[in-house]
Amino acid sequence: MTNYWLFISTRENYDAATKAGVWSVDKRFEKSFHKICKDDKVVFYVKGREIGGAFRVVTDVYEEETPIFAGGRFPIRVKLEPIKFPTSRTEWDDGVIQNLSCFSFKDSKWKFHLMGRTLVSLSKA
């Protein structure tokens with residue numbers, strides 16, 4: 001079964017991820033990240049209220065120490081294949097959240113639900 005994920009990133013790390021075709025996290029997120037499987041689908045939320053591209057996960061979770069991102073090694077990884085990129089910068093706003101049935105948080109303070117997180121499941125449990 002395909003699962004759907006929201007990956008949360010800074011602009012700098014989103015650009016590095018799309019260039020490398022890899023998303024990675026710190027070991028403290030390892031347990032959550034191991035729920036991701038090959039063929040799952042991902043959409044990026046780029047901090048600052050922007051929707052990034054959509055991707056397919058093309059590997060199972062693996063560990064590698066080669067630096068990709070600024071600020072750390074982030075060894076827990078998956079490889080990504082692009083599906084679609086927005087043709088222009090698309091803002092992630094309250095209207096988008098209201099139309100996502102998978103989000104349990106529908107209020108105007110939705111961005112606070114994303115603070116300190118690197119991924120959120122968009123699949124219904």
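Which side chain does the side chain of Asp40 join through a polar contact of 2.9 Å?

1. The structure under review is a predicted model. In this model, the side chains of Asp40 and Trp5 are joined by a polar contact of 2.9 Å. Asp40 itself sits in the loop between helix H2 (30-33) and strand S3 (41-46).

2. Asp40 is buried but forms no salt bridge. The nearest side chain of opposite charge is that of Lys41, 7.4 Å away; a salt bridge would require the charged atoms to lie within 4 Å. The side chain of Asp40 does, however, reach the backbone nitrogen of Cys37 at 2.9 Å.

3. Beyond its neighbours within four places in sequence, Asp40 is in contact with Met1, Thr2, Asn3, Trp5, Lys35, Phe55, Arg56 and Val57.

4. Arg56, one of these contacts of Asp40, has Glu81 in S6 as its bridge partner. Strands S4 and S6 run antiparallel and are joined by 4 bridges.

5. S6 also pairs with S2 in the antiparallel sense, over 4 bridges, with Ser24 opposite Arg77. Strand S5 (residues 62-63) pairs with S6 in the antiparallel sense over 2 bridges; here Glu63 has Ile76 as its bridge partner.

6. The largest nonpolar core comprises 21 residues, of which Phe7, Trp23, Phe33, Ile36 and Phe44 touch the most other members. Two or more residues each come from strand S1 (4-9), helix H1 (11-20), strand S2 (22-25), S3, strand S4 (50-57) and strand S6 (76-84). Another core, of 5 residues, lies apart from it and includes Leu6, Ile8, Val120 and Leu122.

How values were computed: Residues are numbered from 1 along each chain as its sequence is written. This is a predicted model: local features need pLDDT of at least 70, side-chain atom pairs count only at pLDDT 80 or more; totals for chains, interfaces and linings use all residues. Side-chain values use heavy atoms; hydrogens and water are left out. Buried means under 20% relative accessible area, exposed over 50%, partly exposed in between (1.4 Å probe, protein chains only). Lys and Arg count as positive and Asp and Glu as negative; His and the chain ends are not counted. A polar contact is a pair of N or O atoms within 3.5 Å; within protein, one must be able to donate a hydrogen and the other to accept it, and residues adjacent in sequence count only if both atoms are side-chain atoms. Contact means heavy atoms within 4.5 Å. A nonpolar core is a set of buried Ala, Val, Leu, Ile, Met, Phe, Trp, Tyr and Cys residues joined through side-chain atoms within 4.5 Å. Two strands pair if DSSP finds at least two bridges between them.
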